[in-house]
Amino acid sequence: MLVRGQASTNGDGHTITALSVIVMKQADVAAKQQHDRDDWQKRGVGGLVTNVDTVTGTITISSSGIGANRNIAVHITKDTILRRYASGSVKFDNAKPAPVNDIKAGDQLRARGTRNPDGSEVSAEEIVSGAFRNIAGTIKAIDPASNTITVQDAISKNAVVVKVSPDSQMKKLPPEMAQRIAMQLKGTPGGKGDQPGANGQSVKEKDQGGAGAGRARTSKAAESPAASVPGGGQGANGPPDMQRMLSRLPNSTLADLQKGDAVMIVSTEGTDSGAGAVTAITLLAGVDAILTASPSQSASTLLSPWSLSTSPGEGEAGQQ
């Protein structure tokens, strides 16, 4: 049920005078959410913002992954829906309407719309952006009581306390998968990955299963896209869709982690001073080989911050 109206004059916060009431069957809501997820999957692009031109209404993003970066021009109009993640939140439901001026270089951005044939330009119908923090390093301590881990950041050399919430996505790479990714990052012959098509779906993917080993199979992603909203949208010769690969792995918990494990994390931004804990959005363990192959590898180049329990599209039901 969606109710719009005016709060009661007594100020108790528990009463509203309804101006409109919309009731939808649960099955209909679920069907719409699935449709929106599919649409983000098929027509979505994502990456790091490198430039914002408010005069021409063009946002340039660097869409990267396992391979070379690729620039994509995202064009906005007066009809483009712009939303931005709330500070400290990992829920799309908490994303609020925000002007294009709020989008800065270095932000993560996800857009869906109509792409040109080579995927270098997108006419955006909807955009969601946010400022996130990238952490890559080794676990110094694990506190199950507070659901936190302390990570020694390999880049900043600082210890960071990371809180794991029920909405955090946690995965652990099997060693063989981590090695393949490391080979691709180093450009080692024989380390080629699956090649996605122009719409971001793989022509052939590895069926990782729960163990990560796999036999090649023809993908049916175009007919049945993954439920998560990936950080893909790569061109025909781009890197494999990392988020699609991760979606096939079983979820992990704090109990699966150990002191000394290497992790890559996309988290909430936290404070400018770095004090206090940040909240993990996506946490990937088993990345020792990746960090060895590319010590300066940013977590955001491999991990998507959008694959949460509520993803772009699901939040739309509450925004209309």
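User: Which residues of H2 are buried?
Analyst: Met-177, Ala-178, Ile-181, Ala-182 and Gln-184 are the buried residues of H2. Buried here means under 20% relative accessible area, exposed over 50%, and partly exposed in between, with a 1.4 Å probe and protein chains only.

User: And where do they sit, seen down the axis of H2?
Analyst: They fall within an arc of 160°, so they line one face of the helix. That arc is taken from the directions from the helix axis to the C-beta atoms. On the other side of H2, Pro-175 and Lys-186 are exposed.

User: How many residues does H2 have, and how far does it reach?
Analyst: Helix H2 covers residues 175–186, twelve residues, and reaches 16 Å from first C-alpha to last, close to the 16 Å expected at 1.5 Å a residue. The expected span is 1.5 Å times one less than the number of residues.

User: Before I go on, what kind of model is this?
Analyst: A predicted one: local features need pLDDT of at least 70, side-chain atom pairs count only at pLDDT 80 or more, and totals for chains, interfaces and linings use all residues. Residues are numbered from 1 along each chain as its sequence is written, and side-chain values use heavy atoms, with hydrogens and water left out.

User: OK, zoom out. How many helices and strands in the protein chain?
Analyst: Four helices and 17 strands. Those are DSSP runs numbered from the N terminus: helices are H or I with at least four residues, strands E with at least two. Of the 320 residues in the chain, 48% are buried.

User: New topic: how many aromatic pairs does the structure hold?
Analyst: One. The rings of Tyr-85 and Phe-132 have centres 5.6 Å apart and planes at 70°, so the pair is edge-to-face. Rings of Phe, Tyr and Trp (its six-membered ring) pair if their centres lie within 6.5 Å; planes under 30 degrees apart are stacked, over 60 edge-to-face, the rest tilted.

User: Which parts does that pair tie together?
Analyst: Tyr-85 lies in the loop between strand S6 (81–84) and strand S7 (96–97), and Phe-132 in strand S10 (residues 132–143), so the pair ties together parts that are 47 residues apart in sequence.

User: Is Tyr-85 buried or exposed? And Phe-132, buried or exposed?
Analyst: Tyr-85 is buried at 7% relative accessibility, and Phe-132 is buried at 13%.
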